[in-house]
Amino acid sequence: MQEDGFCARIFEMVQKVTGWWQASDSNWYPPELHPSNLGQDQDSWASDVPAQGRATSTEPGGLGPDAGQPGYIPPHKRRRALLFDLPEHLMPPEGQVVEGWWQAADGNWYPPELHPDYHNETLDPPAGALGMRVKLRRNWSWLGLNLGKYAGIVGIVGLVVSLVLGLGLLRLRFTTSDSSYLNSTDPAAIENTSYQHIFGGDPIVTMLTMEPGSTVDTFFTSTNLAALSLLESKLRANSQVFSVAGPSDSLQLANALAQSPGGNPASSIAGQWLLSADQSDPSPTSQALRLKYMSGLLAAQSAIAPTQQVITNPNWVHFLIHNPDGTLRPAILAFIPNETHLAIVTYLRGGISIGTEANAAASVQQIVNSVHFQGATVLTTGVPALLDTINNYLRGGMFSLSLLAGALMILILALAFSVRWRLLAFATVAVGLLWAFGLVGYLGIPLTLGSIAGLPILMGVGIDYAIQMHSRVEEEVVLDRANHPIQATARNLGPALLVVTFDAVFAFCALLFARVPMIRQFGQLLVVGIIAVCVFSIIGPLAVLGIREYRSPTRGKDFSGGILSRFVVFLGSLPEKAAVALALGSLAIFAGGLIVEGHLTLQTDPIQWVNQKSPAIEGISALMQGTGSENELGVIVRTDQPFSNQTVEYIANLSDRLEQRYPSALFPGIGLVNFVDQLMAIPGTTPIHPTGQEVLAAYNAAPEAIKNLMVANGGTEMNIVFRARTSSLSSLQPVVQYLQDQKNLDVPAGMSVAPGGIAVVGVGLLTNLARSRLLLTYLAIGFVGLFLIIRLRSFVRSLLSLVPVLIAVGAVSLVADAFSLKLSPMTAVAGPLVVAVCTEFTSLMLLRFVEERGRGLDPRNAIDMTAQRTGRAFLVSAMTAICGIGVMATSSMPLLRGFGIIVAMNVGVALFCALVILPPILVWADQPERLWVSKRLTISYEEPRQASKVSVGV
């Protein structure tokens with residue numbers, strides 16, 4: 001071509017082609033023909049273009065020999081516009097792929113600036129939904145450009161925001177009080193609060209173990225009685241102690257009932273009760289047994305001189321606490337459970353926080369240690385010790401688990417993520433977590449037992465965003481050679497990250513509907529946290545990588561053929577004809593999981609939730625072994641007729657009914673009515689319950705400690721305490737539920753019955769967790785599915801995104817049922833977490849598949865291209881997510897360990913499904929006769945991809 005002819009044609013086109021660039025010779029050229037792009041090959045290039053239609057591989061806007069010359073216009077200041085028509089002399093022969101050119105939606109290849117699908121700020125977007133999407137993409141383009149352009153300002157603002165939010169960490173508060181387990185409006189919570197206000201809160205038990213060869217008969221020496229008196233007086237002086245009762249109080253009551261002014265046993269209060277019962281017994285056979293029993297008592301008591309009938313006499317102690325046959329009296333089992341152990345029970349004030357309770361327990365322990373007992377060793381433990389262990393782990397365990405998760409993530413990034421500045425993703429999520437927990441502190445969201453899992457989960461989910469963003473930037477730089485890789489990344493990946501963030505937000509919102517307050521608070525933490533982490537995972541990498549690419553452009557190699565990418569392509573290589581079978585199989589697995597769901601059991605023993613080697617568990621286990629119980633259930637009976645025969649008869653019958661109905665769960669009841677009733681009970685005789693006057697006599701004779709424990713407000717409120725034979729909440733659950741259903745109790749008019757105490761809280765928590773487990777999973781699936789239907793504008797696309805989730809949820813239930821696994825109670829929150837993490841993988845893959853389809857690739861090539869380009873990021877982010885969540889499997893607390901195993905397994909299954917099952921389904925669903933995936937979702941304003949090689953001919 002002659003130069004004059006070429007320039008003439010250029011000037012003919014310049015009137016309508018405003019996107020061309022002016023060179024230093026004042027002439028205007030198409031970008032592919034601009035002298036600054038031609039370099040040493042300028043002459044040959046100019047002569048070849050009309051004849052061969054060949055484009056240079058040099059990027060438009062690159063600096064050439066004109067740089068720095070007068071009249072030279074830098075690329076970033078050149079005017080660019082949409083060009084709808086490609087001049088004929090620049091059109092390549094039909095079917096020819098030209099290096100450096102871009103393929104459009106019509107299948108043809110064009111120079112970048114002449115590409116019919118290209119858009120920029122000079123183009124008015126179309127109307128309607130497409131126009132809105134174009135506007136949003138422009139906003140993303142603006143964001144990507146300016147975050148890197150003003151990286152310094154962004155860094156200063158980010159530092160200030162981080163410092164301000166960092167102060168929010170000082171506002172974080174931990175809570176494991178009863179208010180975290182039950183709703184304040186729950187009847188159980190209301191009754192328990194009332195019960196604790198009247199009869200005290202959690203018990204602390206001081207167990208005295210006799211030295212080998214001695215029994216409890218020899219414990220009550222004057223020295224030990226003085227020590228008991230001193231101990232109880234010190235404990236009662238503690239402001240956090242509600243009441244204290246022990247074996248000396250029980251013995252004093254028994255001694256008062258056995259004594260008589262004239263020394264005649266038959267005229268004592270207890271003797272009169274026995275005679276009255278004998279006279280009331282309608283059975284002659286039963287009467288004969290009663291007379292025989294009383295004769296034995298009279299003989300035993302008469303063998304001890306009246307002057308020796310004192311508590312310091314082992315023989316008298318033996319008489320007071322034993323039946324004639326040598327067995328222990330049921331009435332004293334609360335404080336003398338067997339021949340070698342005694343128990344002092346300290347009830348703390350009700351409704352205090354776990355921190356206050358822990359301090360009170362430590363104070364009780366210190367007081368007990370200050371008192372010495374002869375011939376016995378001392379152990380103090382109880383519910384507060386267990387809660388304190390959980391609370392301490394809550395504070396320290398979360399930090400240690402996060403450190404381990406962070407170390408594993410750094411290792412994975414260092415070994416598997418082959419990008420420049422490969423630890424940037426970890427730094428990004430670290431700052432994102434600072435923002436997240438700072439906001440949590442400012443918003444006043446409390447940290448509870450469930451919150452231990454919050455930090456590792458947010459780390460695992462949040463680092464995925466940073467990895468995807470970082471990988472896409474390098475993809476745009478290395479593979480697509482984008483003019484502005486940061487802008488292209490923001491425009492192409494930013495909307496997808498928002499989609500997966502909303503996936504997570506809606507999944508976590510399901511937790512807000514839980515029946516348990518601490519799960520709702522956990523949901524609030526995750527919602528706030530994931531938004532904060534997502535925001536910084538977008539802003540941080542774009543700003544940092546933007547300034548890096550400006551100052552030191554990446555010169556990487558093609559990673560799409562690497563091991564990880566090839567592996568992901570292999571995983572998704574199942575033929576499309578298997579899609580229908582895979583989809584049906586996934587539904588079958590989900591349905592199977594639903595069927596076996598009712599067979600799954602939760603670990604309901606709180607002792608098994610905590611590190612078995614902790615001092616608290618060792619102490620509680622010793623208490624269980626020594627006394628047969630480490631838990632109790634309280635029952636409060638309110639009446640407007642205190643000490644009436646009707647009230648006493650009802651309490652006695654209720655106690656007998658519960659003991660007979662639940663013999664494997666409950667010891668005989670402890671209460672004032674029970675004490676008198678058990679003294680009058682003789683094995684083999686007709687049950688004869690005491691009268692109101694007899695119970696009133698016992699009340700008048702009882703020490704103040706016994707009164708405080710058993711009776712309140714002059715008898716209008718009476719307490720029955722049942723020591724539990726088991727620590728399993730599932731064993732106590734039917735007892736509590738029986739007591740909560742007034743239809744079972746047949747309560748007389750003017751009376752009411754309600755359970756109370758720590759067991760009620762535990763059972764309520766267990767019940768709510770069990771009810772929430774399936775509900776929260778279904779809500780999460782429903783919320784995310786509905787969002788995806790709206791966002792993706794298709795029920796089919798939404799269903800495809802949820803296929804791996806359905807498989808994961810169903811598969812875990814099937815595995816747990818097959819191996820008879822006991823699930824951690826925290827698995828109640830596992831469903832929404834799995835939905836959040838899994839839909840992240842599937843949504844990113846589906847949206848990237850749609851992006852590739854928008855570039856003109858057929859379904860199989862589109863899914864292969866998706867796997868090639870995102871395979872590295874998918875596998876690395878999946879490994880970090882599984883590690884972030886699975887690190888809880890290393891916890892010393894079984895409650896968290898089981899949770900970590902189940903959730904990590906769920907995520908692993910879902911990832912496998914996303915990479916193996918989803919690809920052939922997408923390929924099948926987007927065949928030309930269906931187009932269920934890409935129809936109406938691809939956007940013609942997609943930035944096209946450059947040809948990576950030259951191919952001549954069709």
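E474 and R548 are both buried, where buried means under 20% relative accessible area, exposed means over 50%, and partly exposed is in between (1.4 Å probe, protein chains only). This is a predicted model, in which local features need pLDDT of at least 70, side-chain atom pairs count only at pLDDT 80 or more, and totals for chains, interfaces and linings use all residues. Residues are numbered from 1 along each chain as its sequence is written, and side-chain values use heavy atoms, with hydrogens and water left out.

Back to our pair. E474 and R548 form a salt bridge, with their closest N and O atoms 3.2 Å apart. To count as one, a side-chain nitrogen of Lys or Arg must be within 4 Å of a carboxyl oxygen of Asp or Glu. E474 sits in helix 15 and R548 in helix 17 (residues 517–551), so this pair ties together parts that are 74 residues apart in sequence. Helices here are DSSP runs of H or I with at least four residues, strands are runs of E with at least two, and both are numbered from the N terminus.

The structure has 17 salt bridges. Another one links the side chains of R472 and E851, at 2.4 Å from N to O. R472 belongs to helix 15 (residues 454–478) and E851 to helix 29, so parts 379 residues apart in sequence are tied together. R472 is buried at 4% relative accessibility, and E851 is buried too, at 7%.

Now follow helix 29 (residues 830–854) to helix 27 (residues 758–792): their axes come within 9 Å and cross at roughly 25°. That makes the two helices roughly parallel, a label for angles under 35 degrees; over 145 is roughly antiparallel, 65 to 115 roughly perpendicular, and the rest oblique. The axes are lines fitted to C-alpha atoms over the stretch in contact, with angles from 0 to 180 degrees between N-to-C directions.

Finally, find T218 in the loop between strand 5 (203–210) and helix 7 (222–237). T218 is partly exposed, at 39% relative accessibility. T218 and N315 are 97 residues apart in sequence, yet 8.7 Å apart in space, C-alpha to C-alpha.
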